[in-house]
Amino acid sequence: MSQTDFETPHTKPLDKSEEPQYLTEEKLEQLADVADEDYIDEIYEIIDAVVPRTDDPTLPALTFRVWFLGLLFGAAICAANTVFSFRTNQFTVSAFVTVLMAYPCGIFMARVLPSGFFNPGPFNYKEHALIYVITNAMATQVYALYNIVGQKYQLYQSDLNFWWCVSFAVVTQVFGYGFAGLSRRYLVRPAAMLWPSNLATIAMLNSLHSTEDPSNGRYPMTRFMFFWLAASAMFFYTFLPQYVMPMLGAVSVICFFTRNQSNNKLSLVLGSTQAQGGVGILSFSFDWTMFTSIFFPITTPLWAIWNQFIGSWLIMWIVIPICFYLDVFDMDSKLGVKETSYGFDLNSVTLYNLNGSSVDKKQFVMKDPANPKNLQLNQAFYDANKPVYITTLFAMVYVCSFVVFISAIVHVGLWYGKDIWHRFRATVADLDKEDIHCQLMDAYPEVPEWWYYLTMLVTIILGMVTCEVGGFELPWWGVIIAVILALVSIIPIGTIQAISGQQIGLNVMSEFLMGLILPGRISAVIAFKTLSYMSMSQGLSLVADLKLGHYIKIPPRDMFIAQLVSTIVAAIVAVATACSLYESFGQVPPPADKADQFPWGWMWKMQTLPSSSGWSAANYNVFLSAGAIWGAIGPARFFGPGSPYFKTLIGFIVGAILPVIPWLLHKYQPNSFWHLVNIPVIMVLPVQPQSTMSIFITPLLVSLLVNYYVKKYRHTWWKKYAYVMSAAFDCGSAIATLMIFFFAKYGTTIFPAWYMNPGDQERCLSDAAVTCLDRSNMGNGYGYTYDKTQDPECNP
């Protein structure tokens, strides 16, 4: 499973004096018995805090400036995020950065371009919002890349045509667009469908286009000046943890006190953070890119951060080590004993056979003798290696995903059930009343229904052709099932997300379903997973943008064109970037002991990059391993009775029970903190196996500093600069990371080994092992290849 699969919605913290106050769970419970009309009044109070009840229909929206800046920034962010998708730890550049960067560019173009088509007048907030919509559509990672990279490069289906790959990416990105448009009557127009995540963006747009200073002159530095200063500072700082002093990225406290001791397996299990290592208890990181896209420490409410970290500490630092030592999944402590530097494997996506020896996941897949273009389970290889084992952390990812899926439904039902019912009744009644914002939007021509029907029909047909003919192996009826899942789920799940901010993902259930229907067909299962997951996830993302346009009063047809074009362009840019990047590394001879797995005589060099390089494509490896488990082996074999992982299904039962406990305690103690205990958020594992586990302290410290101390004691500063600082840090670190990748890691211009740049990033291994790793790393730098025969001391 990838991080994308298990994303937790993050709501930006809003200031009481400037921005709207969201309905807390306790408030929602108090409102449960209020009349339907009161719900609408409550919603208007929230909306009116940032959304004016006026509009100027004469303002131009979809202008040349919007297309130029939107597609320019969008293509840049799309390409950058595609490159970042190959990092060991997830990192993405948010489209929120463009809200800040586009404003001075729009003002500049309004001043210098000749009047007319290129310059219809002053740069306005509608143009600014459309630029954000375009870049937001392009900044979201193209999920189909996991299929494309997995099949074309990791499974060596070299005959997978590039343009079929582009077609699959376009289909999966646009697939949900028709559903989004057809559901807008229920999810966009009614005032009860709040979509509160949009309100922070509107607040920032208002502050940029307003002449008022929220600090009343106390902090005279403009947001733009602060942005560039903070981004520049982070740009230069990022070279330290990512190039000069990588040890800053993973500081292991336990290893610092226990390294070089004999029989220190316990300290390695608890203290190491690297791939195939341990859980990193008390380890921390000084690398902003390691954790910002996982926890969003500045823009996530402090209560949500506490929920995430309590859950992470409980699972990572207590449950997983106990399961490992008790061999809960039969072979936990015996995996990778002779194959890893640590003498065990707790943190990876490697698959192991019945003897605890690693096996290449692509060996579970073979070409169908009847149709060589299709892939199927290599039954003989599976029978010789079963049961197949995975690491304890990988197994717990599935347990947590089962818990989260069920607990999200139960949690929303318990805490928001009455509110959803009342809101739904209010929504149905409100459909004919047309609130003020709907009345203002009626001044613009609506998008005809047939535009959405045509979009949906074209993507369905193109999806059938692409999956049947293009090499993705999903039968045409599989596309129909994905359509049905989307139609059935988008309105109820969209209603829950619009009200509660929580989205219930379909990824695990879609794998489960198609894995049972088509066992042994890895390509078909992962294709169905992507189609069904993205049809809802991308569809709801587009619905959220439609609601933003509804608040800003962007003409609906301009919004349709902007979203559709930017989504298609993003798919093309992402596929071209990913394929070019993977192939640009070139090919290398396979290791001698694995030569039989590569009868063509070479392997992609990208697959040889270690996790310590920071670019091990961890999410792609997780996705392919999940494909091997759910698709090739199949859920019936891997999770069925008699399997070591049958017991992971207890996650469904746990997910049904846990949310009831804080709900009942809140009923018993209504003035306590129980309403802040969110089981789905707690049980989400924010990291993936094979990531660096040094991220469970620093983000909390950042959040406490900014969202508690600064917000409480320097509130005016926080109100003016906090969001800007978060965006600036993301921007500066992203540019530095790309430079380091292309000019250092990609170009093999490595920094010389020294104490803060060891072969073992956290220095958990012995001095002798670190010295040998230093020699190996330096030997492979600057275009050379390390020759083991010239180093008998390290290679006896």
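What you see is a predicted model, in which local features need pLDDT of at least 70 and side-chain atom pairs count only at pLDDT 80 or more, while totals for chains, interfaces and linings use all residues. Residues are numbered from 1 along each chain as its sequence is written, and side-chain values use heavy atoms, with hydrogens and water left out.

Now the terms. A salt bridge here is a side-chain nitrogen of Lys or Arg within 4 Å of a carboxyl oxygen of Asp or Glu. Helices (H or I, at least four residues) are DSSP runs, numbered from the N terminus. Buried means under 20% relative accessible area, exposed over 50%, and partly exposed in between, with a 1.4 Å probe and protein chains only.

Back to the pair. Arg 521 has 25% relative accessibility, so it counts as partly exposed. Glu 473 is buried, at 5%.

How many salt bridges does the structure hold? There are 7. One of them joins the side chains of Asp 55 and Lys 126, at 2.9 Å from N to O. Asp 55 lies in the loop between helix 2 (36-48) and helix 3 (64-84) and Lys 126 in helix 5, so the pair ties together parts that are 71 residues apart in sequence. Lys 126 counts as buried because its relative accessibility is 1%.

Another salt bridge is between Asp 360 and Lys 362, with the closest N and O atoms 2.4 Å apart. Asp 360 is partly exposed at 23% relative accessibility, and Lys 362 is buried at 12%.

Next, helix 5 again. The axes of helix 4 (residues 96-112) and helix 5 (residues 125-139) come within 9 Å and cross at roughly 140°. Helix 4 and helix 5 are therefore oblique to each other; angles under 35 degrees would be roughly parallel, over 145 roughly antiparallel, and 65 to 115 roughly perpendicular, with the rest oblique.

Last, the surface. Phe 257 sits in helix 11 (residues 253-258). Phe 257 counts as exposed, at 60% relative accessibility.

Key
Helix = DSSP H or I, 4+ residues; strand = E, 2+ residues; numbered from the N terminus. Axes fitted to C-alpha atoms, helices over the stretch in contact; angles between N-to-C directions.
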